[in-house]
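Let's take a friendly walk through a protein model. Have a look at the sequence and the structure before reading on.

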Amino acid sequence: MEVIIVDTPQEGASLVTDAVAAILARPNPVLGLATGSSPLPVYDEWQRRYDLGEISFANARAFALDEYVGLPPDHPESYRAVLQREVADRVDFAPGAIQTPDGWSDDIPAACAAYDRAIRDAGGIDLQLLGVGSDGHIGFNEPTSSLESPTRIKSLTVQTREDNARFFDDDISQVPKHVVTQGIGTIRRARHLVMLVWGESKAEAVAATVEGPVTSMYPSTALQLHPKATVIVDHPAASRLEHAAYYQEVFDNKPEWQGIS
Ligand code: GLP
């Protein structure tokens, strides 16, 4: 695992976008998108470089990590709607090129299996963006999720529903209890995992993810099992890392050509 401590989220977003630009220059690029606030600086940077004519998503496909179950189809906080606003409306993905798990299907298990199949059929995800929940969830894989899980329906913890109530008028009763999420096994099949974490409130989560024991009780620790995982954090989010100085030294002395890929 590579841990990169940056001065600002914008600096982290720029590093990620360098890696994404290299993927976009190859045939059949496939990106994994995340929601939540952590990836937003990355989407800002995508739009900036797209507006400058430096990158194009016209040939790319993308798969979202997760989706709520039970929201009205036109709800503005469905992840389909969020990714439409934050990504699709701002750069040049082809219509339909961004897929989200189907939280509205009459047959959720079949829809979940079809989603994993669609990712496989697309050639797999080249780079998957990730945030981390305050209980260590990735996607919506709550504690005790199997580290080999496929895309499936999950129940949210009360803590996650409380955390996400900010998107639902601060009213937890409006936050769905169920979601469909790429499984941890699905996420682990992406060729490069890039987790973004900002702010002191996530310092515990970062320390557990990077330096804690691998356990399904803390799903983000599954990153330790991945051959190519990058965790990009600002200084407040890095504040509980025991080996922060080492990570900093490794990055400062990295060969110029290496990037994060
Ligand atoms: C939600 C999403 C996760 C995200 C998490 C953290 O629960 N399903 O993918 O990582 O929120 O959100 P934030 O980045 O806003 O802290």
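The report below goes from the whole protein to a few single residues.

## About the model

This is a predicted model, in which local features need pLDDT of at least 70, side-chain atom pairs count only at pLDDT 80 or more, and totals for chains, interfaces and linings use all residues. Residues are numbered from 1 along each chain as its sequence is written, and side-chain values use heavy atoms, with hydrogens and water left out.

## The overall build

The protein has 8 helices and 10 strands. Both are DSSP runs numbered from the N terminus: helices are H or I with at least four residues, and strands are E with at least two. The radius of gyration is 17 Å, close to the 18 Å that the globule rule gives for 261 residues, so the protein is as compact as a globular protein of that length. (This radius is taken over C-alpha atoms, and the rule is 2.2 Å times the number of residues to the power 0.38.) Along its principal axes, the C-alpha trace spans about 55 × 40 × 35 Å.

Contact here means heavy atoms within 4.5 Å. Among contacts with a separation of 6 or more, 79% are made by residues 24 or more positions apart.

## Surface and charge

The accessible surface comes to about 11500 Å², and 51% of it belongs to carbon and sulfur atoms. Such areas come from the Shrake-Rupley method with a 1.4 Å probe; for residues, only the protein chains shown count as cover.

How many positive and negative side chains does the protein have? There are 21 positive and 37 negative ones, and the centres of the two sets lie 6 Å apart. Lys and Arg count as positive, Asp and Glu as negative, while His and the chain ends are not counted. Each charge is placed at NZ of Lys, CZ of Arg, CG of Asp or CD of Glu.

## Inside the protein

Of the 261 residues, 54% count as buried. Buried means under 20% relative accessible area, exposed means over 50%, and partly exposed is in between (1.4 Å probe, protein chains only). A nonpolar core is a set of buried Ala, Val, Leu, Ile, Met, Phe, Trp, Tyr and Cys residues joined through side-chain atoms within 4.5 Å.

The largest such core has 67 residues, and those with the most contacts inside it are Leu-31, Trp-46, Phe-57, Phe-93 and Leu-129. Helix H1 (residues 9–24) gives the most to this core, with 7 residues. Apart from it lies another core of 10 residues, among them Leu-156, Ala-165, Phe-168 and Val-175. Beyond residues up to four places away in sequence, Leu-129 touches residues including Val-16, Trp-46, Leu-65 and Val-194.

Is Leu-83 buried or exposed? With a relative accessible area of 2%, Leu-83 is buried. This residue is found in helix H3 (residues 79–88). Leaving aside neighbours within four places in sequence, the contacts of Leu-83 include Leu-33, Tyr-43 and Thr-100.

Asn-28 lies in the loop between H1 and strand S2 (30–33), and is exposed at 60% relative accessible area. Asn-28 has a positive phi of about 50 degrees although it is not a glycine. Thr-144, in the loop between strand S6 (127–130) and strand S7 (152–155), has a positive phi of about 80 degrees and is not a glycine. Thr-144 counts as exposed at 53% relative accessibility. Asp-252, in helix H8 (residues 244–252), counts as exposed at 53% relative accessibility.
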